[in-house]
Amino acid sequence: MTALPVDFQEEMKKLLKDEYKLYENSFDSEIFRGISINRLKATPEQVQKILPFKITKSPFYSDGWYIPSDEQGIGNLPIHHSGAFYVQEPSATSAVELLEIQPNDKVLDLCAAPGGKSSQIASCLNGTGLIWSNEVVKNRANILLSNFERMGIANGIVSSCYPEILCAKLSGYFDKVLVDAPCSGEGMFRKNHDAITEWSREHVLSCANRQLSILNSAAQCVKQGGVLVYSTCTFSYEENEGVIKQFLAENPDFEPEDIHENFGRKTEIKGAVRITPLEKGEGHFAARLIRKSENNNFPEPYIAPIKNSKNAELYKIVQKMLDDIFVKIPSGKIVIINDKAFIIPENLPDINGLGVIRAGVFAGEFKKNRIEPQHALFMSSKPENIKRVLDLKPDDSRLVDFLKGLEIDCEGENGYTAVSLDGIITGFGKCSNGRLKNKYPKGLRIL
């Protein structure tokens, strides 16, 4: 193993005191790996039934589970393609637990890519409220969008916008805000030794300055009585307690709130918790803060493109497609932008100028005088609401063939048909004369 930097060792000795040797010895132990179950798609019982290995409960999140540390190829499993779970380091799931999400909450995940915590938030919302996920780096935001679609999130927005711009425009809008800030990554040391060689005191202090700036931006969009959770995957005092202390000094309208979760180790700050490998997680810090002051500068509502006589026929085509596929058309507002149709959440704030990549669900794309439904439309739907479903068992060879992009046998009537894995939607195709023309996206197919 790469030797731990001396400065880092000294900081950890201050933090852990007599337990430091136990932390040092943990580098000879297996790393902790986990998944978070996506309730939009499946239950823990469904997932355990299909997975080829056992999972055990994690203490950090109500739907968090440990997986074997040596398990390989999880991303290629059909059930992973179905969006039934997100592979996530166990302690990283703790921050969303501190948000204590309630039905109909409006939640912002400000530094969201690649999307693990956003998928947790969406699962907790269970189709209610709104999840807005932002990532300033555009190519990472596109990865975030791909995970949104895989997890079947319909009540969401994905954007790529600077925090100071986004939060000023959305002032006072959110019930819950998560800032999972970019950090020095000390919690990654056991599983990524390159992170050790990249560590420096200068980088830690640089991260702390950036984290405080992001947190100050985030504070603007928290409503009165709303929750702001700050988290990192590092142990650094400067990046954790130091940032929170400075933030509270600059923002007296926020105060820490006691947490009721029984995991990790408490810190000198009320409402904050730290997790180390000694608590069976790789490493995380999270603090829960409450806004006490008024914040009534609510954003203007979003004005969707108008349905008029010029595009009325296009709306009829979309409606006909949806009627053909669904028992009941999914909730939301149908909008057409250029050659694409979307189903967006109702009552959105104004999204103009905020780098929005996707609002709601990409439902269909026009090709001349017809429309083709999209992968996201099926992934965000329940099998019981789709008229034609080809349900395949885990041992059915057609399942792997489907994920490879091949045509497969398809019993039943002709038309657009969902493909599901033991009741979990995985994609779709078009059934004709006993064969299913594959519509699984090329970029997602397995080799």
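## Burial classes and the model

A residue counts as buried when its relative accessible area is under 20%, as exposed when the value is over 50%, and as partly exposed in between. Asp 175 has a relative accessible area of 13%, so Asp 175 is buried. The structure described here is a predicted model.

A search of the whole structure gives 33 salt bridges. Side chains of opposite charge can pair when their charged atoms come close.

Asp 175 pairs with Lys 223, with 3.1 Å between the closest N and O atoms. This pair links distant parts of the chain, since Asp 175 belongs to strand E8 (residues 174–180) and Lys 223 to strand E9 (residues 222–232), 48 residues apart. Lys 223 has a relative accessible area of 28% and is therefore partly exposed, whereas Asp 175 is buried.

Another salt bridge joins Glu 19 and Arg 265, whose closest N and O atoms are 3.0 Å apart. Glu 19 sits in the loop between helix H1 (6–16) and helix H2 (20–25) and Arg 265 in strand E11 (residues 265–266), so this bridge ties together parts that are 246 residues apart in sequence. Glu 19 counts as partly exposed because its relative accessibility is 31%. Arg 265, at 18%, counts as buried.

## A salt-bridge network

The side chains of Asp 422 and Lys 49 also form a salt bridge, at 3.6 Å from N to O. Asp 422 lies in the loop between strand E21 (415–421) and strand E22 (424–432), while Lys 49 lies in helix H3 (residues 44–50), so the pair ties together parts that are 373 residues apart in sequence. Asp 422 is buried at 15% relative accessibility, but Lys 49 is exposed at 65%.

Lys 49 and Asp 422 belong to one network with Asp 391 and Lys 393, joined by salt bridges that share partners.

The largest pocket holds about 980 Å³ of space. Its lining has 40 residues, and those closest to its centre are Ala 113, Pro 114, Arg 140, Asp 180 and Cys 233. Strand E4 (85–87), helix H6 (116–125) and helix H10 (201–219) each contribute at least two residues to this lining. H10 gives the largest share, four residues. By class, the lining of the largest pocket comprises 19 nonpolar, twelve polar and nine charged residues.

The second largest pocket has a volume of about 710 Å³. Gly 127, Thr 128, Ala 154, Asn 155 and Ser 331 are the closest to its centre among the 30 residues of its lining. Strand E15 (340–344) and helix H13 (375–379) are the elements that give two or more residues to this lining. The lining of the second largest pocket divides into 13 nonpolar, 13 polar and four charged residues.

## The enclosed cavity

The count of cavities of 30 Å³ or more is one. The volume of the largest cavity is about 60 Å³. Leu 145, Phe 148, Glu 149, Gly 152, Ile 153, Arg 358, Gly 360, Val 361, Phe 362, Ala 376 and Ser 380 line this cavity.

Helix H7 (138–150) and strand E17 (361–367) each supply at least two of the lining residues. H7 contributes the most, with three residues. The lining of the largest cavity divides into six nonpolar, three polar and two charged residues.

Helix H6 is largely enclosed by the rest of the structure, because nine of its ten residues are buried. The buried residues of H6 are Gly 116, Lys 117, Ser 118, Ser 119, Gln 120, Ile 121, Ala 122, Ser 123 and Leu 125. Just after H6, Asn 126 has a positive phi of about 55°.

Phe 60 is located in the loop between strand E2 (56–57) and strand E3 (64–67). Its relative accessibility is 0%, so Phe 60 counts as buried. The C-alpha atoms of Phe 60 and Glu 97 are 7.3 Å apart, although 37 residues separate the two in sequence.

## A nonpolar surface patch

Val 136 lies in the loop between strand E6 (130–134) and H7. With 37% relative accessibility, Val 136 counts as partly exposed.

Terms used
Residues are numbered from 1 along each chain as its sequence is written. This is a predicted model: local features need pLDDT of at least 70, side-chain atom pairs count only at pLDDT 80 or more; totals for chains, interfaces and linings use all residues. Side-chain values use heavy atoms; hydrogens and water are left out. On a 1 Å grid over the protein atoms alone, a cavity is a set of points where a 1.4 Å probe fits but cannot get out, and a pocket is an open set with protein on both sides within 12 Å along at least five of seven lines; lining residues have an atom within 4 Å of a point. Grid points are joined across faces, edges and corners, and a volume is the space filled by probe spheres set on the points. Ala, Val, Leu, Ile, Met, Phe, Trp, Tyr, Cys and Pro count as nonpolar, Asp, Glu, Lys and Arg as charged, and the others, Gly among them, as polar. Buried means under 20% relative accessible area, exposed over 50%, partly exposed in between (1.4 Å probe, protein chains only). A salt bridge is a side-chain nitrogen of Lys or Arg within 4 Å of a carboxyl oxygen of Asp or Glu.
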